[in-house]
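Take a walk through this model with the sequence at hand. We begin inside the protein and then turn to its sheets and its backbone.

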Amino acid sequence: MHLTEHAGKKLLAEAGIAVPPGIAFEPGEVDGLAPPFASPYYLKAQTLSGGRGKAGGVVRLESAGELPEAARALFSRPFGGVCPPFLRLEPAVAHDRALYVSLGVSRERRALCLTLARQGGVDVEGLAGTPDLLVLPVVPPFVPTPRLVRRAFFHFGLARECYAAFADLLDRLFAAVADYGLLLAEINPLAVTPDGHFVALDAKVVIDDSAVCIAPGLSRFGDNRLATPAERLARDHGLSFVSLSGHIGLVANGAGLAMATMDALDVAGLAAANFLDFGGTADAARLRAAFDLIFVEPRVAACCVNMFGGILSCADVAKALLEALGDAPPSRPIVVRFAGNGAEMGAALLRRQGLPSLLVADDMDQAVALLSEVAPVGPRKPQVEVAPDHCREVASGPRTPAASGKRAPVLPSLLALDGASGVLVQGITGRAGRLHAKRMRAYGANVVCGVTPFRGGTAVDGVPVYDTVAAAADAHDIALSVIFVPGMGAADAVLEAIEAGVPRIVCITDGVPQKDMLTVRAAFSGRDILLLGPNTPGMLLPGRMQAGIMPAEPFIPGPVAVFSRSGTLTYEVCSRLSAAGIGQAVAAGIGGDPFGGAGFVELCEMVRDDPQVLGVMVLGEVGGRAEEDLAAYVVETGYTKPVAAFVAGMTAPPGRALGHAGALLEHPGGINAKIACLERAGIAVCPELGDVAGVMAGLLCGR
């Protein structure tokens, strides 16, 4: 959750960090506004778009008489395409120096970083790579140690008399990041006053959405005035919604499947008007809200509903869809494609209604064809930018191991598990834990025990429950733990399993704060522990056992290892492989969050020498470096097994997170660089979702 400067300063003030006094006002409050503090002033547009300072969004006023004209000018001026709904007025602060300080989670460095620049202001980016900018990674437990404070202080070259005030500032800044669940607290500029105090003249603050879910009171810092009506409706119904510029509405379950569908539509000249993921719950109210969000846009000519039923049945979605429509024909064509759990029943329910403009497709290709008949079709767009021939290093035969390639650590194998392997379920007494423990047992998993604090000595469906993982590990031989603990306690549950010596951990939980996962990553670094997740569907050995929430229907036994960042995309791709007669040796999700456990590199190393695996299919997404890291590993180690990859989110808009916290396209062209990197490593990139079975079949034939 990105905060306005006004809200960010309110948060910093609550945390005990000095900020200038200020007032906020809307357009109707300009006339007669009397500043409660002396001039000169700074008048600031309140917007979430970057570059406000350079764009003229901050104006200095020498007197109150200048305020009305300056305010009207700012209210009518768009920043990032949006005029500010309110402004902030504050007094100018006399200061001797203007510095830059930020404390935040760095995806690139995979760490919490304290960043310091000797000169703050709008041109601070220009200091990158110079001695004036210092970036200090902070290790758990994420506190400002005396040595860290000293290094920061002496980097600035401040007067000795300022040390106590500076140390207090850092103490409060670290406490704010911890107490408010911040991903970023940036003060630019940080004023050093003549009397040696520090004042935050500007504030850029980002709260982790997962922290807001855990502590809803943090939502008080948000501002609905900056949200569109569509964004407010989506938030009220728990929908992940991003508006796009196309003309085909999109409703899907699961971020990976939604992104892949968005790409498929775009390739066919049916540009998506939105990204909308309704997740694992689809009642009539949520689907009605989804269609309201989509059809409120006049440019939307038709809507595509694409669902792969897993835990959520397609039949239940069909019933909710009909209830949302009220048994009346939709105002614009809706094309529905169901697959997986309850697909046949759901499709039959919709067809039986015989509603005009409600069309049911048998598969995604037919869905695209039907949409092409009822909506305008633009030029077909290439989905993948193929690397130039001189850049490609595609191997024509088995790769030769690199002489000096750095191998990833060999972690406990998932393929060594079977129906006799002991499985622990942390959170087994909760609704999700109990449901999926039963499903895992039905598929062949040996769930020997569960853990829920203060429920020790009881049993759930015949499975004994312990208070701690240590007690469970003393009584049972545990090969793997599956975690269904809510977000606020999930990271601690992972740490408990690590300390108890559990060799394999699967954390299903979504909504784990990113900073918590940095602590977890530090804890298992260098240990022979395999962690999947968080925000993962888990793992499945077709025909043998499963640990997590994956449905059984898409999978058949075979020689391909499937590693993925998305649950529904895993089911979709494995269903296509299975339909082509290509079975799977293992399917595992690495999770959709920025910071997790094992990535593609560790899992590919896990199956490197396993004779059960003849090929690897990797399902990636925009954002992060998991795919680039895999490409480097394949080249540096001479990985000999054939690897294919499909990357969802080719048409993702830069700077917008799509469902998964890690699926964020940082800059234009970034996805093409990711694809080119994979190709240069000799990894066979599937241009479209429909190519996955054919590409993998070709790789296996070449073995």
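Which residues line the largest cavity? They are Thr 261, Ala 264, Leu 265, Cys 304, Asn 306, Arg 337, Met 364, Ala 367 and Val 368. On a 1 Å grid over the protein atoms alone, a cavity is a set of points where a 1.4 Å probe fits but cannot get out, and lining residues have an atom within 4 Å of a point.

Some ground rules come next. This is a predicted model, in which local features need pLDDT of at least 70, side-chain atom pairs count only at pLDDT 80 or more, and totals for chains, interfaces and linings use all residues. Residues are numbered from 1 along each chain as its sequence is written, and side-chain values use heavy atoms, with hydrogens and water left out.

How confident is the predictor? The pLDDT, its confidence in each residue from 0 to 100, averages 91 over the chain. At least 70 is the score of 94% of the residues. Residues 383-404 stay under 50. For that stretch the model has 41 contacts (heavy atoms within 4.5 Å) beyond four places in sequence. Where pLDDT is low, the predicted coordinates should not be read in detail.

Back to the cavities. The structure holds two of 30 Å³ or more. A volume here is the space filled by probe spheres set on the grid points, which are joined across faces, edges and corners. The largest cavity contains about 40 Å³ of space. Helix 7 (255-267), strand 14 (302-309) and helix 11 (364-374) each give its lining at least two residues. Helices (H or I, at least four residues) and strands (E, at least two) are DSSP runs, numbered from the N terminus. Six residues of this lining are nonpolar, two polar and one charged. In this count, Ala, Val, Leu, Ile, Met, Phe, Trp, Tyr, Cys and Pro are nonpolar, Asp, Glu, Lys and Arg are charged, and the others, Gly among them, are polar.

The second largest cavity has a volume of about 30 Å³. Its lining includes Phe 241, Ser 243, Glu 297 and Arg 299. Strand 11 (240-243) and helix 8 (284-295) are the elements that supply two or more of the lining residues. Five of the lining residues are nonpolar, two polar and two charged.

Now the sheets. Strands of a sheet pair through backbone hydrogen bonds, either parallel or antiparallel. Two strands count as paired if DSSP finds at least two bridges between them. Strands 17 (422-426) and 21 (480-483) run parallel, joined by four bridges. There Val 423 faces Leu 480 of strand 21.

Six bridges link the parallel strands 28 (615-621) and 29 (643-648). Met 617 stands opposite Ala 644 of strand 29.

Last, the backbone. Most residues other than glycine have a negative phi, and most peptide bonds are trans. The bond from Pro 140 to Pro 141 is cis, with omega near 15 degrees. Pro 141 sits in the loop between strand 7 (133-138) and helix 3 (146-156). Asn 188 and Pro 189 are also joined by a cis bond, with omega about 5 degrees. Pro 189 belongs to strand 8 (182-192). Ser 357, not a glycine, has a positive phi of about 70 degrees.

Notes
pLDDT is the predictor's confidence in each residue, from 0 to 100. On a 1 Å grid over the protein atoms alone, a cavity is a set of points where a 1.4 Å probe fits but cannot get out, and a pocket is an open set with protein on both sides within 12 Å along at least five of seven lines; lining residues have an atom within 4 Å of a point.
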